[in-house]
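Here is a short briefing on a protein model.

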Amino acid sequence: MGDDSETTVVPVIAGDWPAPRAMRLRLRFADRELLVEERHSSLTVGRADENDVVVKAHLISRLHARIEISRNTFVLIDQSTNGTFVQTVAGEESFLRHDSLKLKGQGLMGLGRLPEQGSPHTIGFTCEEV
């Protein structure tokens, strides 16, 4: 029997790997457009006036959700009572309540209800390379 206490080191393959491209998240709400990127790395959404995106409705919590960028990935973090619905143009649907989700591609977020194009409770998003 062999000695299982030895560690094998895998050599690193040298190469010209492309540097990861910077990303930004474009949010569309009512007449506003906001960006989440390395310089402005988080954003809050909710009913309270202190939020970056203020949405007034009875199903929306004072601090409903946060969106953060971490290692070129956008994360939606729901902190609400009624949850957040996410639909992507690729057809993926998710529901979060006190949970998080990586945002990718393009789609809609519904605060406390299903997202509907043109609804005052819906936020459009697009992840894009800079």
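The largest nonpolar core has 25 residues, and Leu 25, Leu 27, Ile 67, Leu 103 and Met 109 touch the most other members. At least two residues of this core come from each of strand 1, strand 2 (32-36), strand 3, strand 5 (65-70), strand 6 (73-78), strand 10 and strand 11. Strand 1 gives the largest share, 4 residues. The model is predicted.

- Leaving out residues up to four places away in sequence, Ile 67 touches Leu 25, Leu 27, Val 36, Ser 41, Ser 42, Leu 43, Val 75, Leu 76, Leu 103 and Met 109.
- In soluble globular proteins, nonpolar side chains tend to be buried together.

**Strand 11 and its partners**
- Strand 11 (residues 122-129) is largely enclosed by the rest of the structure, because 7 of its 8 residues are buried.
- Strand 1 (residues 23-29) runs antiparallel to strand 11, joined by 6 bridges.
- Arg 26 sits opposite Thr 126 of strand 11.
- Strand 10 (residues 106-111) also pairs with strand 11, in the antiparallel sense, over 5 bridges.
- Gly 107 has Phe 125 in strand 11 as its bridge partner.

- An open sheet of 5 strands runs in the order 4-3-5-6-9, with mixed pairing.
- Its edges are strand 4 (53-54) and strand 9 (100-103), each of which pairs on one side only.
- Strand 3 (residues 42-46) pairs with strand 4 in the parallel sense, over 2 bridges.
- Val 45 stands opposite Val 53 of strand 4.

How values were computed: Residues are numbered from 1 along each chain as its sequence is written. This is a predicted model: local features need pLDDT of at least 70, side-chain atom pairs count only at pLDDT 80 or more; totals for chains, interfaces and linings use all residues. Side-chain values use heavy atoms; hydrogens and water are left out. Two strands pair if DSSP finds at least two bridges between them. Buried means under 20% relative accessible area, exposed over 50%, partly exposed in between (1.4 Å probe, protein chains only). A nonpolar core is a set of buried Ala, Val, Leu, Ile, Met, Phe, Trp, Tyr and Cys residues joined through side-chain atoms within 4.5 Å. Contact means heavy atoms within 4.5 Å.
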